[in-house]
Amino acid sequence: GLGCSPSPACRKQFVKTFGLRAFRRPLTPEEQKRYEALFAANQEFSRGAQAVVEAMLQACCSRAATSCL
């Protein structure tokens, strides 16, 4: 589980926390907003979380950066 009940606050915290883990740095305000919008675009809360995880991992892999996971 996500560790919180489905809500806008949970969505925001998930994006912030997972983003920090994935990118090994805080998300920029623009990134936070973009990933929250992606999450919210999914009607099912767990699918929104999955979409965010997939998008963040793809962003890490495509940058050929050592600062990801």
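**Aromatic pairs and the nonpolar core**

Phe14 and Phe18 are both buried in this predicted model, and the two residues lie in helix α1, four residues apart, or about one turn of the helix. Four aromatic pairs are found in a search of the whole structure, among them that of Phe14 and Phe18, which is stacked, with 5.9 Å from centre to centre and 10° between the planes. Phe23 and Tyr35 form a tilted pair, their ring centres being 6.4 Å apart and their planes at 35°; this pair links distant parts of the chain, with Phe23 in helix α1 and Tyr35 in helix α2, 12 residues apart. Phe23 has a relative accessible area of 2% and is buried, and Tyr35, at 5%, likewise counts as buried. The charged end of Arg34 sits over the ring of Tyr35, 5.3 Å from its centre. One aromatic cluster is formed by Phe14, Phe18, Phe39 and Phe45.

The largest nonpolar core comprises 14 residues, and those with the most contacts inside it are Val15, Phe23, Tyr35, Phe39, Val52 and Met56. At least two residues of this core are supplied by each of α1 (8–23), α2 (29–40) and α3 (45–62), the largest share, six residues, coming from α1. When neighbours within four places in sequence are left aside, Met56 is in contact with Val15, Phe18, Gly19, Ala22, Phe23, Leu27 and Tyr35.

The count of salt bridges comes to one, in which the side chains of Arg25 and Glu31 meet at 2.8 Å, N to O. Arg25 is partly exposed, with a relative accessible area of 26%, whereas Glu31, at 12% relative accessibility, counts as buried.

Technical notes:
Residues numbered from 1 in each chain as written. Predicted model: local features only at pLDDT ≥ 70, side-chain atom pairs only at ≥ 80, totals over all residues. Heavy atoms only, no water. Salt bridge = Lys/Arg side-chain N within 4 Å of Asp/Glu carboxyl O. Buried < 20%, exposed > 50% of the residue type's maximum accessible area, 1.4 Å probe, protein only. Core = buried A, V, L, I, M, F, W, Y, C linked by side-chain atoms within 4.5 Å. Contact = heavy atoms within 4.5 Å. Phe/Tyr/Trp six-rings, centres within 6.5 Å; stacked < 30°, edge-to-face > 60°. Lys NZ or Arg CZ within 6 Å of the ring centre and 35° of its normal.
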